[in-house]
Amino acid sequence: MRWHQLSAEAALAALETGPQGLDATEARARLAAHGPNVLKEGRRRTALGMFVGQFTDFMILVLLAAALVSGLIGDFKDAVAIMAIVGLNAVIGFVQEYRAERAMEALKAMAAPTATVLRDGGPVVVPAAEVVPGDIALLEAGGIVPADLRLLEAAYLKVNEAALTGESVPVEKVTHPLHEAGLPVGDRKNLVYKSTIVTYGRGAGVAVATGMETEFGRIATLLQETGEVRTPLQKRLAHFGRRLAVAVLAICALVFAAGLMRGEAPLLMFLTAVSLAVAAIPEALPAVVTIALALGARKMVEKKALVRRLPAVETLGSVTYICSDKTGTLTLNRMRVEEFYCDAALVTAPGSGGAWEELLRGMALSNDAVTDATGTVVGDPTEVALFAAARDAGFEKAALEESYRRVAEIPFDSDRKCMTTVHRGAAGGFVSFTKGAVEVILEKSVRLLASSGPSAIQRDELLKVSERMAADGLRVLALGMRRWPTLPDPVTPETLEGELMLLGLVGLMDPPREEARPAVETCQTAGIVPVMITGDHPLTAGAVARRLGILADEAAVMVGQELAELPLEEFEKRVTTIRVYARVAPEQKLKIVTALQDRGEFVAMTGDGVNDAPALKRADIGVAMGITGTDVAKEAASMILLDDNFATIVRAVREGRKLYDNVRKFIRYMLTTNSGEVWTIFLAPFLGLPIPLLPIQILWINLVTDGLPGLALAAEPEEKDVMRRPPRPPTEGVFAHGLGIHAVWVGLLMAGLTIGTQGWFFHAGSDRWQTMVFTVLALSQLAHVLAIRSERESLFTQGLRSNLPLLGAVVLTVLLQMATVYVPVLNGIFKTDPLSLGELALTFVLASAVFLAVEVEKWAKRRS
């Protein structure tokens, strides 16, 4: 039912009720038929179910298997370390999922506890849950609307619908029918909605929808139906974990079989194969990812972005589209006078002379904005802008009111589209100022004031000026005045608002933030498409988008009505060409997100109202406003902007890209070092050599060499080109850009150096050959971690001190490795022998070959 198109009488008839409301018996019957006026929750997951669900990820299952095997072979330290990592991961995942469930609770908390309705012809207070369709509800300032109502009475009624529509200015309500069929929620001004707040006036309306049938109920349904999307990193790591597990099991089986064929002891080969399997499984990977995400989240808070779900930090690095609200995010959320037309001149700053003085005086006096105790100007945003412009030109309202005391006023209403104030004149008599819509003031004006004096009014010329200002996205107001020898009696629109002298036109706009245009340019350089979504007029939206660089000539603007009428399949064909959506209802954001995701894009979506919550939840990363956002939007979002600023999103994207780069560096390091261990143990028997490392030595290299330096890679600073390259394709795997090839050839190089050392010292009859092998392999891995801090830049360019945690980890790991070689107690545990100074120097030289080889690879990349 399109209630906004019906007259009040037709709405009452359709609901089988009357102006006196329902009787108590009928109300009880309808309550039984329609159910309570509350939001119903879907089946919620239990806390235990959420916690157990954290252990179903394939990578986690592989780690649990590794922990079990470690325990069975007696390596309890490794088993405990793996279980601690898995447990930490589960707790973090559980907390994030549990918090996500609170969006529905925040939505329910906004409902009114009680309502005043007409029952049996008189007003009664009932629990809001008992309001039924057909009830007549009474509204007054400060109250919460109990249900969706078609208004029957509205006395200066204004309702704050920001929670529902995102519109920050209270909406003035009307009672007459609105004939346009496809009006968005925010434009249905003869309806008020459940859980919105009455800010001014009073009214009465008939309940047309309750409970889940209300606009809030529809959002609750969407919230329950909209599933969260897995992050790119989660998808990539799950795929990587499956492939790695299969590869590790195959290699371990081959090593075991090869050892048996050589005549090695079955128990030794079994322990070696199992140790190799544990070493090859990257148990530090979840810890590295978690630490990297936590470090990224902490840095984002410093940059005014609060991350509610850790995986969202990395998701930002994959974003291909940022769909942003205009008001407050791309703009200042503060109206400002941008242009003046007076004395036949269209200018950006006011001039001087008699006509200009009257215009500025009228802007200051015909104004309800005031300065509070802190010096802040408060009031309607338009009036605050006029107040500020007049004050900046030297026309202070408080000073003027000493000479021009206000004696009468006629408030603005949406039918007249103007307001009038009457003041006692400084030289006697009275003066009235009327401001409002240009066409209305022109109709009421008979002369135009210029510096040369009053002149004939050229309506067509003035309308052209107004249209030109509106084409620049400005909201245009006209101001007229009239002098009176005595105060008219009575003070009515008919007696005051006629035969005006037009003073001029004023163009206002919520201007773009200074930092927004550079942020948009950064997006475009980084291959990210910024899109503006607003409830504003298309001309205003287009003008702001052009000033920001979002809207180019070939890009399109789409209005909400056209979006509503387009089938999703048709819309998906056009969605990548549209840069501005105007007159869009917040619930249409869900359609925009879905269409872009169906085209394979990764979408960040901003929002602040309750209606934004489903789109925020569905987007790859939902971004709620910290200042203007509702609790519902914040609970549904992955990230909250503490300053409501578009530039903050772009800074967060930079952090997300850096984070993914660092995770990739760890995977590169871990895969290469693990492949070096696997190749060493796998190839040595085929070359007629004994198993080069003992199980305890393999596990030591895995725990110490992989662990500390690998964790320190999470602190690596961003690379110089991080925002000068396109986003990662959504389908890109972990092994992209040569990572897999690097892991194989550098792993073979490590194995070659290690097996070469083994062969030389073993055939030379040295008792220390195994210690040499152990040390060369450990130091090679440390040399490798220093070389892969960047995929392109040389370490000599970066400098050792640019990542002090990594430098500290490498130094500490070298000292620990030296301890296994030179501390007598550890010699017995690790079956090592102290090396001579020459032998130790040789291990460092051989390890440095890995560093130099990777530096040559990076040099070749830079050359190409």
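Visitor: How is the crossing of α13 and α14 handed, left or right?

Guide: A crossing counts as left-handed if the near helix is turned anticlockwise from the far one by less than a right angle, and as right-handed if clockwise; in this predicted model, α13 and α14 cross in the left-handed sense. Leu360, Met363 and Ala364 of α13 meet Leu386, Ala389 and Ala390 of α14, where contact means heavy atoms within 4.5 Å.

Visitor: At what angle do helix α13 and helix α14 pack?

Guide: Angles run from 0 to 180 degrees between N-to-C directions, and axes are lines fitted to C-alpha atoms, for helices over the stretch in contact. Helix α13 (residues 354–365) and helix α14 (residues 381–392) pack at about 135°, their axes 8 Å apart.

Visitor: Which residues have the most contacts inside the largest nonpolar core?

Guide: In soluble globular proteins, nonpolar side chains tend to be buried together. A nonpolar core is a set of buried Ala, Val, Leu, Ile, Met, Phe, Trp, Tyr and Cys residues joined through side-chain atoms within 4.5 Å, buried meaning under 20% relative accessible area with a 1.4 Å probe, protein chains only. Here the largest has 105 residues, and Ile322, Met532, Met639 and Phe646 have the most contacts inside it; α26 gives the most to this core, with 13 residues.

Visitor: What does Ile322 touch?

Guide: Leaving aside neighbours within four places in sequence, Ile322 is in contact with residues including Cys523, Phe646 and Val653.

Key:
Residues are numbered from 1 along each chain as its sequence is written. This is a predicted model: local features need pLDDT of at least 70, side-chain atom pairs count only at pLDDT 80 or more; totals for chains, interfaces and linings use all residues. Side-chain values use heavy atoms; hydrogens and water are left out. Helices (H or I, at least four residues) and strands (E, at least two) are DSSP runs, numbered from the N terminus. Buried means under 20% relative accessible area, exposed over 50%, partly exposed in between (1.4 Å probe, protein chains only).
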